[in-house]
Amino acid sequence: TLHPSGVTESPIRSQEDHSRTLINTMSRFRESPFDFLREISLHVNGTGWRAYDMHNVVGQPAFFSGFTERMKELTLQSPMLKAKIGELADKRVQVEKEEGLLRPSASSSSSSSSSSSSSSLLSGKEKGLDMERAARNRRRELVVSMEQVCDKMTDEMICKMESKTFIRGAYYLVTQLLTRAYHQGVHVSSEEILRLRAVAEQAAKKKQSIIFLPSHRSHIDYISLQIICYRLNLTLPTVVAGDNLNFPLVGPFLQSAGAMWIRRSFGGDQLYTTLVQAYIDTMLQQGYNFECFIEGTRSRTGKLLGPKFGILRFLLDSLLSGRVEDAIVCPVSTQYDKVIEVDSYISELLGTPKPKESLASFLSASSVLNLKLGRIDVRFHEPWSLRDFINSQSQRHTSSITVPTKA
């Protein structure tokens, strides 16, 4: 259903002809057992695009053993993170000094008192040396403690794209479920897909990331985009997701498929904020694709919500600081004939509190998959350079400032 790379369609064709069903309805065992078994065989054998071959993927390699540890090590070795840990340790030591909580070690006091025969009190100089030694030891303890905290938070946060076998199986399972609900498939524009693939090839050569910015109307948004990237053999993007979805079974599954868990609110936690920035820096420096929803939450009305600038601030800081050279931004629009969560949205708009995500609610919603909800249309805007955008906005801001002249 896709044209070969380099082929452009005739402009005289109608707009409807440009639309292609990228994900077709898959066979079911009861309706067509032989076609069903054939599809399973093709996925198990990894025939064609189903293999998601790491050697031919457009972008940086993922889904190999050791991927998680590599990304974790690069994140924890970030100079910015180490500097923040040192800064916080120094501040804490200073506070303990001012509050009188810092005391010399017992060993230094006993050795000093035993060597002094004339007085049991230490001289001012000796007290100062002991206090400096105690401060250094305390700082070292704080640094080690915060490094351990960062290690644990990184494990809970980062995506763990380790197994190609897992992602092939996950793709088949999710596509089976998705095409049961949206029986008319996932539709895209051939021209937009060809353009996206060409941009991805150029970005891969420069080791640049593609930052997907989709609209957010449903949980299906990130699933459909992951499926499209898999189908096109692009490196799957790391998806920024709220940790409210990180519940048993579903959470680890999504994390292994590319989800990055972050807190809904950072609460002024400087260490956690710097760790998130360090991880985003690492992904962009290594050229891994990235996906975030700037609306912050799903729209219950179908209209676009006002942007939340939290994640965008992290992305811009990576470029403005010079830690990342450039990245490619690709806005994405996802439209549905009917949103799968429409019933819960109606309840919430009528005043019912939003239920907390859990495994029970996830399983109870499985009956929705048997509905006929129509089709999904995914449109990709022309990608653009984030560095060029920043430069153009800076020039625009500079030109708008008028310099007063002397009379």
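Analyst: What follows looks at a cavity and then at a pocket. This is a predicted model, in which local features need pLDDT of at least 70 and side-chain atom pairs count only at pLDDT 80 or more, while totals for chains, interfaces and linings use all residues. Residues are numbered from 1 along each chain as its sequence is written, and side-chain values use heavy atoms, with hydrogens and water left out.

User: How many cavities of 30 Å³ or more does the structure hold?

Analyst: Rolling a probe the size of a water molecule over the atoms shows where empty space is left. On a 1 Å grid over the protein atoms alone, a cavity is a set of points where a 1.4 Å probe fits but cannot get out, a pocket is an open set with protein on both sides within 12 Å along at least five of seven lines, and lining residues have an atom within 4 Å of a point. The structure holds 1 cavity of that size, 30 Å³ or more, and about 40 Å³ of space lies in the largest cavity, a volume being the space filled by probe spheres set on grid points joined across faces, edges and corners.

User: Which residues line the largest cavity?

Analyst: Among them are Val-58, Ala-200, Gln-208 and Asn-289, and the lining divides into 5 nonpolar, 4 polar and no charged residues.

User: How much space lies in the second largest pocket?

Analyst: About 440 Å³, and of the 19 residues that line this pocket, Leu-213, Ile-294, Leu-312, Val-329 and Trp-384 lie nearest its centre. By class, its lining has 16 nonpolar, 1 polar and 2 charged residues, where Ala, Val, Leu, Ile, Met, Phe, Trp, Tyr, Cys and Pro count as nonpolar, Asp, Glu, Lys and Arg as charged, and the others, Gly among them, as polar.
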